[in-house]
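Hello,

Please find the structure below. My notes on it follow.

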Amino acid sequence: MDEHFTFQFPVSKLPPLPPPPPEKLVQRQKKPISIQQMVRDAHLKKASDIHIRVGELPRFRIQGEMQIYQATEVVTPTIFEAYLGEVLSAAARVRFAETKELDTAIVYPGFLRCRVNCFETLTGGAMVLRLITLDVPTIDELELPTILKEIVNKKQGLILVTGPTGSGKSTTLAAMIRHLNETTAKHIVTIEDPIEYIHPSQKCLISQREVGLHTDEFHHALRSVLREDPDVILIGEMRDRLTVDTALKAAQTGHLVLGTLHTKNTLGAINRLLNIYNPEEQAAMRVQIVDSLVAIIAQMLLPKTDGGRKAVMEILINTPTMQDYLLQGEQTEAYQLMEASSNEGMQVINDALCELMLTGQITIENAIAVSPDVGDLRRRALNGGFDPARSTRRDLYTDYDYSPR
């Protein structure tokens, strides 16, 4: 028999595995960035707002659109708590924990201010920061209608600036206050929640009060404002019956009152104020409101073709004829009067849109998107006349299909 041999194969040690290629290396997590650095980056990108929320990457609002901020990591509850510690005082943090929402402001000296709103959501804490320059813009710098200078120089009455959230109402009011500050000698009292633009006293003495810092309640400040010897009163928002009552009382007793509302157009602002009251009170309140009214400015912001955003305004001025129409509730006649009274500074929104289209400051698409009557806008564009100083491409307006998309 053949012998059976068992061969013992030597077992050598396996060589170490090679390192993975660079593209398969696990990337290190990005470090959280401070609020201050985020504000600086947002300012460089010309953002208007910063949105921070647990479970999400921060986002900037740039030219009206939300864009993800990639320079940092997803916000965790721990990171959000650190952010709260950076922007809120100990007392404010306690207040936020109790109420689940908080309005405040932070300032970076020599740089800018931020209006801050903290709130709770389904996924956790969140905050929105509105970036506000320390330099108060002028009416001319904002390219606003010069009639605003005449409106704000009235000795008494009620001026309303209306529009949706983020339409630039606060900036328009700040520019009007600056005009007064540079040209008249008055006492201006503002009641804000929170303070946005800071106005150093020049010719005017300006007293700015922030709810939560300089007064415990908005209503408390309203009750005492008439005892503070003001000439001009700025009320952040006409939010309820007490605010409207106080504003009307002040306007009727020799003060100029400026306030904001959230309405899309000028005539809607009057209806909005009337709806605060019971039906049986509205007839009497209509008389008070119309008697006190100086002007209503309804505005929106649209992207400009060369960058930035442009305030587009509808302006109602309470002339004697307009007052008659408003007292009778004749809105159609009041609107027609606005169309026909451009020499007095009034304009409807399609007037403003058409002008900006013909001068190439906004696109046709953006104008159509916000126009209340696209057919009317087209007729205005066609009747605008060819003027090389206004537009070298009139065919863009005559050939464009204005039908709804």
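**The second largest pocket**

α3 (90–99) and β4 (101–108) each give at least two residues to the lining of the second largest pocket. Helices (H or I, at least four residues) and strands (E, at least two) are DSSP runs, numbered from the N terminus. A pocket is an open set of points on a 1 Å grid over the protein atoms alone, where a 1.4 Å probe fits, with protein on both sides within 12 Å along at least five of seven lines; lining residues have an atom within 4 Å of a point.

This is a predicted model: local features need pLDDT of at least 70 and side-chain atom pairs pLDDT 80 or more, while totals for chains, interfaces and linings use all residues. Residues are numbered from 1 along each chain as its sequence is written, and side-chain values use heavy atoms, without hydrogens and water.

The lining has 22 residues, with Arg95, Leu102, Asp103, Val211 and Gly212 nearest the centre of the pocket. β4 supplies the largest share, five residues.

Beyond four places in sequence, Ile151 is in contact (heavy atoms within 4.5 Å) with residues including Met176, Val294 and Ile317.
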